[in-house]
Amino acid sequence: MADRARDPAAIERDIEQTREELARSIDELADRLSPKHAAQRGMAKVKEEAGLVAEDLGALARREKQDRPRSSLTGPVLIGAGVVATTLALRMLLRRRGR
């Protein structure tokens with residue numbers, strides 16, 4: 001091992017290998033931190049969660065049991081839909097009374 005540490009060719013190979021590893025690491029970090037790729041990952045996650053919520057709502061409407069637990073967003077989506085529906089109904093009612 002002492003001979004290898006003193007061998008200039010071995011030192012150069014180690015340096016080159018370290019440079020290549022560093023370049024790969026930097027490329028991976030740049031890819032992970034790229035706004036475009038971050039947005040793509042975010043959209044994929046949103047689409048996946050929206051699909052799960054849609055499945056949950058469909059199962060609730062059909063009163064079916066599911067093999068998996070409900071999405072954590074199903075409750076808030078239902079609450080939001082209820083608030084929107086209530087708000088629209090109140091606006092329509094108030095407009096009709098105002099005439």
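User: Which residues of α3 are buried?
Analyst: In this predicted model, the buried ones are V53, D56, G58 and A59.

User: What covers them?
Analyst: The cover for the buried residues of α3 includes α4, which spans 74–98.

User: Why might residues a few places apart in a helix point the same way?
Analyst: An α-helix has 3.6 residues a turn, so residues three or four places apart point the same way.

User: Back to α3. Where does it run, and how many residues has it?
Analyst: Helix α3 takes in residues 35–62, which makes 28 residues. From first C-alpha to last it reaches 40 Å. That is close to the 40 Å expected at 1.5 Å a residue.

User: What comes just after α3?
Analyst: R63 does, and its phi is positive, at about 55 degrees.

User: Zoom out. How many helices and strands are there?
Analyst: Four helices and zero strands. Along the sequence the pattern reads α-α-α-α.

User: How much of the protein is buried?
Analyst: Of its 99 residues, 8% count as buried.

User: And the surface?
Analyst: The accessible surface is about 8,900 Å². Carbon and sulfur atoms hold 60% of that.

User: What about contacts between residues 24 or more positions apart?
Analyst: They make up 7% of the contacts with a separation of 6 or more.

User: New topic. Which residues does the UniProt "transmembrane region" annotation cover?
Analyst: Residues 73–94, according to an unreviewed UniProt entry.

User: What does the model show for residues 73–94?
Analyst: The span is 95% helix and 0% strand. Its end C-alpha atoms lie 31 Å apart.

Key
Residues numbered from 1 in each chain as written. Predicted model: local features only at pLDDT ≥ 70, side-chain atom pairs only at ≥ 80, totals over all residues. Heavy atoms only, no water. Helix = DSSP H or I, 4+ residues; strand = E, 2+ residues; numbered from the N terminus. Expected span 1.5 Å × (residues − 1). Buried < 20%, exposed > 50% of the residue type's maximum accessible area, 1.4 Å probe, protein only. Contact = heavy atoms within 4.5 Å. Areas by Shrake-Rupley, 256 points an atom, 1.4 Å probe, with all protein chains shown as cover. UniProt positions renumbered as here; feature names shortened; annotations may be inferred.
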